[in-house]
Amino acid sequence: MRLLSSSVLCYLFLASSAMAAQPVPVVTTTTDIAAIVKAIGGDHVAVESIAKGYQDPHFVEAKPSFVRVVNRARMLFNVGLELEVGWLPLLIQGARNPSLMVVDLSQGVSVLEKPSGPVSRAQGDVHPLGNPHYWLDPRNGVIMARRIAQQLKTIEPGDSAYFDQNFTAFESDLTNRRKRWEEQMAPFRGAELVTYHKEWEYLIKWLSLNVLGYVEDKPGIPPTPRHLEELVQTMQQRKVKALLASNYTNPNVPKSIADKTSAKLVMLASSVGGEESIRNYGDLFEAIVGKLAGALK
Ligand SMILES: [Zn+2]
């Protein structure tokens, strides 16, 4: 009897220490957030992203397999500003996970194009609360990482020092690389370009570039032939060198515009995993800056 109880105790002890070593299940809406969570949480978290890096994050199918992922997670990080409004509420509702903590990372970021008056999506604008593509400025990546570290500490306070240490390493690496990207792009300050969707505003502001126009005159709405005609004219007059589009965009329309003008069509990954070589958050800017500098030369 005594033997049995001690072996039961021993088993319980082993089981509880094994559980303590289990990584915390975290889910993110996008791969960029997942990459930052991985950098901060290391092997103490098991992170999964719902959208893939080569997908349009505005439109993701709320599959049952994602519902299960959200059901098991302890924390969910999302971009916010209604980027995921078409699919995330469905997943959260379906997951029936009352202890899930949902963290909207747009809080703490300086949001561009924040509306001053009442918002309406009557015309289908997919950005009614301001531009949600803020992860495309590496300085915002640091803000996101700091918040992620703070939030992970709330669920795993014992790992606080570990998260802090990873944050410091992430910040210093990204800051060093950012300075190099800024140097690489310095010759192109003020360069004029056109973009397909209104998703490069943070990148453009960071690098002091100028947007002359958009293929989508209203974000998320297919352009009218008349708008395209005017855009082509402007691009010809100003001799625009680059037309930027995310690589999940159907290339037909931007290609036809580029063909009528002197602009190079630059299809860029806008998220980690958008190209196979882009495995972490820093890789994303390495790829974007490399392609942009090549096109503007
Ligand atoms: Zn958008």
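A salt bridge here is a side-chain nitrogen of Lys or Arg within 4 Å of a carboxyl oxygen of Asp or Glu, and a search of the whole structure finds 13 of them. The model is predicted, so to speak of local features we ask for pLDDT of at least 70 and count side-chain atom pairs only at pLDDT 80 or more, while totals for chains, interfaces and linings use all residues. Residues are numbered from 1 along each chain as its sequence is written, and side-chain values use heavy atoms, with hydrogens and water left out.

View A. Domain 1 covers 16-108 + 124-178 and domain 2 covers 181-296, with bounds from an automatic or database domain assignment. Their centres, taken over C-alpha atoms, lie 26 Å apart. Each domain brings 28 residues to the contact (heavy atoms within 4.5 Å). Together they bury about 2,500 Å², 58% of it on carbon and sulfur atoms; buried area is the accessible area (1.4 Å probe) that two parts lose on being put together, summed over both. On the domain 1 side, L136, R177 and R178 supply 28% of the buried area, more than any other three residues. Three salt bridges cross this interface.

**View B. E286 and R177, a link between helices.** The closest N and O atoms of this salt bridge are 2.9 Å apart. E286 sits in helix 10 (residues 281-296) and R177 in helix 6, 109 residues apart; helices are DSSP runs (H or I, at least four residues) and strands likewise (E, at least two), numbered from the N terminus. R177 is buried at 16% relative accessibility, whereas E286 is partly exposed at 29% (buried is under 20% relative accessible area, exposed over 50%, partly exposed in between; 1.4 Å probe, protein chains only).

**View C. E113 and K198, loop to loop.** Here the closest N and O atoms are 3.9 Å apart. E113 lies in the loop between strand 4 (101-104) and helix 5, and K198 in the loop between strand 5 (192-195) and helix 7 (201-206), so the pair ties together parts that are 85 residues apart in sequence. E113, at 35%, is partly exposed, and K198, at 22%, is partly exposed.

**View D. G80 in its loop.** G80 is found between strand 3 (75-78) and helix 4 (88-95). With 4% relative accessibility, G80 counts as buried. Beyond its neighbours within four places in sequence, G80 touches D104, S106 and P132.
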